[in-house]
Amino acid sequence: MRARREFRNRRDVEVSVLDALVDRAEEGMTVFELRAAVDADIDTIEEALSSLKSDGLITVESGEDRVVILPDDRVVPDPGEEPEDEQSFIDAIRDRFGL
């Protein structure tokens with residue numbers, strides 16, 4: 001599952017982190033699980049997490065044996081919400097240049 005459209009205009013790594021967290025919205029993910037799910041080094045992931053936390057898009061919960069990161073409810077699409085189609089390369093260029 002992917003994060004809601006209004007939260008996809010962020011850096012690629014931040015969007016990847018949000019998408020991974022939305023996939024596991026109920027149980028959350030540890031930093032190590034995120035590292036395995038997102039194609040970025042740990043420093044880049046930590047920077048993305050910091051930015052997402054400061055914007056209120058994620059929460060961090062400490063459990064008895066682990067710390068998990070959860071997406072904010074407004075980032076998670078409703079169950080009946082249609083997933084947005086992937087944007088083609090040409091569409092991305094058109095958007096970039098305002099065509």
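1. Let's start with Val67, which counts as partly exposed at 43% relative accessibility. Keep in mind that this is a predicted model. Val67 sits in strand 2, and that strand is largely enclosed by the rest of the structure, because four of its five residues (67-71) are buried.

2. What does Val67 touch? Leaving aside neighbours within four places in sequence, Val67 is in contact with Met29, Thr30, Val60, Glu61 and Ser62.

3. Thr30 is worth a look next. You'll find Thr30 in the loop between helix 1 (12-23) and helix 2 (31-37). Its relative accessible area is 13%, so Thr30 is buried. Beyond residues up to four places away in sequence, Thr30 touches Arg66, Val67 and Val68.

4. Now the strands. Strand 1 (residues 58-62) and strand 2 run antiparallel and are joined by five bridges. A hairpin of four residues takes the chain from strand 1 to strand 2. If you want a landmark in the pairing, Val60 stands opposite Ile69.

5. The largest nonpolar core has 21 residues, and Val17, Leu18, Leu34 and Val38 have the most contacts inside it. Helix 1 and helix 3 (42-54) are the elements that give two or more residues to this core. Helix 1 supplies the largest share, six residues. As a general point, nonpolar side chains in soluble globular proteins tend to be buried together.

6. Setting aside neighbours within four places in sequence, Val17 contacts Leu34, Val38, Ala48, Leu49 and Leu52.

7. How many salt bridges does the structure hold? There are 10. One of them pairs Arg4 with Asp78, with 3.1 Å between the closest N and O atoms. This pair links distant parts of the chain, 74 residues apart: Arg4 is in the segment before helix 1, and Asp78 is in the loop between strand 2 and helix 4 (89-97). Arg4 counts as buried at 16%, while Asp78 is partly exposed at 46%.

8. Glu47 and Arg11 form another salt bridge, at 3.2 Å between the closest N and O atoms. Here Glu47 in helix 3 is linked to Arg11 in the segment before helix 1, 36 residues apart. Both are partly exposed, Glu47 at 48% and Arg11 at 37%.

9. Last, Glu33 and Arg24 meet in a salt bridge, 3.4 Å from N to O. Elsewhere, salt bridges with shared partners join Arg10, Arg11, Glu14, Glu47 and Asp55 into one network.

Notes: Residues are numbered from 1 along each chain as its sequence is written. This is a predicted model: local features need pLDDT of at least 70, side-chain atom pairs count only at pLDDT 80 or more; totals for chains, interfaces and linings use all residues. Side-chain values use heavy atoms; hydrogens and water are left out. Buried means under 20% relative accessible area, exposed over 50%, partly exposed in between (1.4 Å probe, protein chains only). Contact means heavy atoms within 4.5 Å. A nonpolar core is a set of buried Ala, Val, Leu, Ile, Met, Phe, Trp, Tyr and Cys residues joined through side-chain atoms within 4.5 Å. Two strands pair if DSSP finds at least two bridges between them. A salt bridge is a side-chain nitrogen of Lys or Arg within 4 Å of a carboxyl oxygen of Asp or Glu.
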